[in-house]
Amino acid sequence: MFTLLRKEISGFFSSLTGYIVMIVFLLANSLIMWVMPGQWNLLDSGYAGLDTLFVLSPWLFLFLVPAVTMRLFAEERRSGTLELLYSRPLGEGAIIYGKFLASILLVLISLLPCIVFVISVWVLGETPGNLDRGGTAGSFIGLILLAAVYSAIGLFASSLTENQVVSFIVAAVLCFVVFTGFDSVALLPGLSSIDEYVTRLGINDHYRSISRGVLDIRDIAYFIFVTVLFNEAARISLRRSSVKKPLMIIGAVALVCALLSLLNIRVDLTEDRRFTLADPTKKILRELDKDVHVDVYLDGEMPVAFKKLRRSTQQYLDEFRIASRRKVSFSFINPYEGSVAAEREKYQNELISRGLMPVNVMASDGEGGKTQKRIFPSMTVTCGKTVIPVNFLRNNPTLPAETNLLHSTEGLEYEIIQAIATATADSVKRIAFIEGHGELDEIYVADLTLELAKFFNIDRGTIGGKPGIIDRYAAIVIAAPKGKYDEKDKFIIDQYIMNGGRVLWLAEEVNVNADSLPGGSTVALYEPLSFDDMLFRYGARINPVIIQDAECMVIPLRINGPDGQAQYVPAPWVYYPLLKPSQDNPITRNLNRVKAEFANSIDTVGRDPGVKKSILLTTSGQTRTVSPPQVISLEEADEAIPQEMFTAGELPVALLLEGKFRSAFTNRMTESIIGEAGKNIRTESKPTKMIVVADGDIIRNEVSWNGGVAEPMTLGLDRYTMQTFGNKDFLVNCINYLVDDNGLIEMRSREIKPRLLDQARTKEQRTLWQLLNTVIPLILIIISGVVYNWLKQRHYNSVK
């Protein structure tokens, strides 16, 4: 068998055809990956990875592998040496599998020069060596398994004819059909009910998983079975013995592979385990009893970075589909499909009306130019009649585009599974906005309310001193109260917390009437909160000071120009700090900055070991505070404050409290407050959590008036710069964290290591690396051929 293997390899390298085949394969890879501009060019993509190689190889193998295998039996038939081969003391299995192993080895030899690509990406990394070694190794394993199947198909094609050209064509067509043909067949209308099963018959469905570095025993079993199937089919086509033995081998291998497929063994070789779903995700997907369909609108012509985000989205959805046992299906839809511009515009506007938010980017126009285009990094999750819109792009204007897209990838699992959990839930949790104490009117929290309504039932109402009235709510929101909470309402909220209720407090101790500012000035007054004693008992204290921050928003300031005409210029307004989200908490990780207005600071108090305290939002390090009463004038925006006066450092503005809290009504005569309901009170809470924010304006959206009708603006939108800050995302995450009992939001802490190329180096040395990766693989093949033939000639001379 191994003698036959050496014979086949020697025969391949003894002819010019073998070298031409390898050179064409390597040259095609080099030109597409390093020279030709486009989405497959590694230098243009900016990412330190070999995804292009593993996407292109199945298609380039359609040429390489048939060229390697076309002569294996066809040449034996044509020259009449097949009979001579069978006369040797070789079994049919030794002949078949000897030639098969030879073809595999030849394909691997063709891949060896690709090590130049690996070294180049390794060296060119922003941090040298930041290539994902585990994922790359797993992807190469996928290429080897793919080469094995293609080689078996090529061997079978070669056994059918004595004409090498016919063998090449048959092998190429068969490989194409087995690789992608089943995907096309699955699209036939009559097969819609079993399209998933039809797709799984093809190579593409199994190779796609392995090519990203995930080894699944079911995929490996598939490759083994198909390889053996075609090798045994080649044995049958040679008609040298009964078909009984090949059929028995095929049956035995099919049985073993079927048993292996029952095992749920998956190994994620990527270094950051990016394709390993979190346990809460797996639990939800395993327990799905309804079909869920995901439509992703990130498709069509777009920049390379967005194509990578699209590929990551598809990879995650593949994992969801597998983990859910095919309960989750998905499709990609191009919002630009259709030949009529008006219809495309109408369709895109419909997507926007459904809550899917586009971004404007520069993309190819298909004619070699660039044009501005709307991209929809969005999806809808549908279960029955429930449709949940999901916008998964994290677009922080202070970060590079590559970092934003990386953060978007990190949050994909959470965004998708949260939508699936909401769409498939048998009951919907309820959230209440408390009224009756001067809280913000509904119109000023309308944008947040509409966003939360995608996931929860939202109510508004007063407590009115009625015990138990808020007990049915998963969480309550207290939004910027200006009035006083009486002892009855405070007691009801306290006992709600003691029974495991969750609260989002947004309040401040200093009242500033911002509506008076356009007139020139306003006054900041100390107005203590009526529930500050409760917050103190729970572990937080809002300080009666106003924060001034050097890192702040700008406001339009009116000045008189040289010609006496009024002009508006942007001026920093230190009373509107831009708060920094903590990167160590899943609530605030990867959020944009949060804009605040006349914010107070917050302190932790007490040393209760049963309460965990985490800071969510802080100011910058250049701050100072002022105490009420204080006159605040717009003229201050025109007066630069010396930097040395900002000495307060980072000040916390939002705080998360978790654990068992002590009641604020312990040792009090509660019966005199609320009657019979005050007899049996809880003095220690069940494990629960609350969030305290020392600025009520964080939740307030601006309102525009159109023909006398009030319309809420986007929460966090600065109407002057048109920049959207992270207020809405922060508050939505706060509510999700408060009501989440299965740890879903913890997935926002997932971190994927950025693997980028050194942009400066790739730009300066572009030509050098293009030449190295195009020429060196060819030189290696030529040198190998020269050395091989020299050694061969030397061996023959020594024998003579």
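Helices α16 and α19 are among the elements that cover the buried residues of α18. Here contact means heavy atoms within 4.5 Å. Buried means under 20% relative accessible area, exposed over 50%, and partly exposed in between, with a 1.4 Å probe and protein chains only. Helices (H or I, at least four residues) and strands (E, at least two) are DSSP runs, numbered from the N terminus. This is a predicted model: local features need pLDDT of at least 70, side-chain atom pairs count only at pLDDT 80 or more, and totals for chains, interfaces and linings use all residues. Residues are numbered from 1 along each chain as its sequence is written, and side-chain values use heavy atoms, without hydrogens and water.

Stay with α18. Seven of its 10 residues are buried, so the rest of the structure largely encloses this helix. The buried ones are N404, L405, L406, H407, S408, T409 and E410.

How do α16 and α18 meet? Two packed helices are described by the angle between their axes and the distance between the axes. Axes are lines fitted to C-alpha atoms, for helices over the stretch in contact, and angles run from 0 to 180 degrees between N-to-C directions. The axes of α16 (residues 304–323) and α18 (residues 401–410) come within 10 Å and cross at roughly 10 degrees. That makes α16 roughly parallel to α18. Angles under 35 degrees count as roughly parallel, over 145 as roughly antiparallel, 65 to 115 as roughly perpendicular, and the rest as oblique. From α16, the residues A305, F306, L309, S312 and Y316 meet L405, S408 and T409 of α18. This contact has five nonpolar, three polar and no charged residues. Ala, Val, Leu, Ile, Met, Phe, Trp, Tyr, Cys and Pro count as nonpolar, Asp, Glu, Lys and Arg as charged, and the others, Gly among them, as polar.

Helix α16 also holds Q314. Leaving out residues up to four places away in sequence, Q314 touches R208, F330 and F332. Q314 and S331 are 17 residues apart in sequence, and their C-alpha atoms are 8.9 Å apart.

Next comes α19. Among the buried residues are L412, Y414, I416, I417, A419 and I420. E413, E415 and Q418 are also buried. The length of α19 (residues 412–424) checks out: at 1.5 Å a residue its 13 residues should span 18 Å, and its end C-alpha atoms are 18 Å apart, which agrees. The expected span is 1.5 Å times one less than the number of residues.

Helix α13 (residues 217–237) and helix α14 (residues 244–261) pack at about 175 degrees, with axes 9 Å apart. The two are therefore roughly antiparallel. On the α13 side the contact includes I217, A221, I224, F225, V228 and L229. On the α14 side it includes L247, I249, I250, V253, A254 and C257. By class, this contact has 15 nonpolar, one polar and four charged residues.

W122 sits in helix α8 (residues 115–124). At 33% relative accessibility, W122 counts as partly exposed. Beyond its neighbours within four places in sequence, W122 is in contact with P128, G129, L131 and R133.

Now the backbone. Most residues other than glycine have a negative phi, and most peptide bonds are trans. R273 has a positive phi of about 50 degrees although it is not a glycine. R273 lies in the loop between β2 (266–268) and α15 (279–286), and at 43% relative accessibility it counts as partly exposed. Phi of A480 is also positive, near 55 degrees. A480 lies in the loop between β11 (475–479) and α21 (487–498), and is buried, with a relative accessible area of 9%. A cis peptide bond joins P628 and P629, with omega about -5 degrees. P629 belongs to the loop between β22 (623–626) and β23 (630–633).

Finally, the whole protein. It has 26 helices and 29 strands. Of its 800 residues, 52% count as buried. The C-alpha trace spans about 110 × 70 × 55 Å along its principal axes. Among contacts between residues at least 6 apart in sequence, 76% join residues at least 24 apart.
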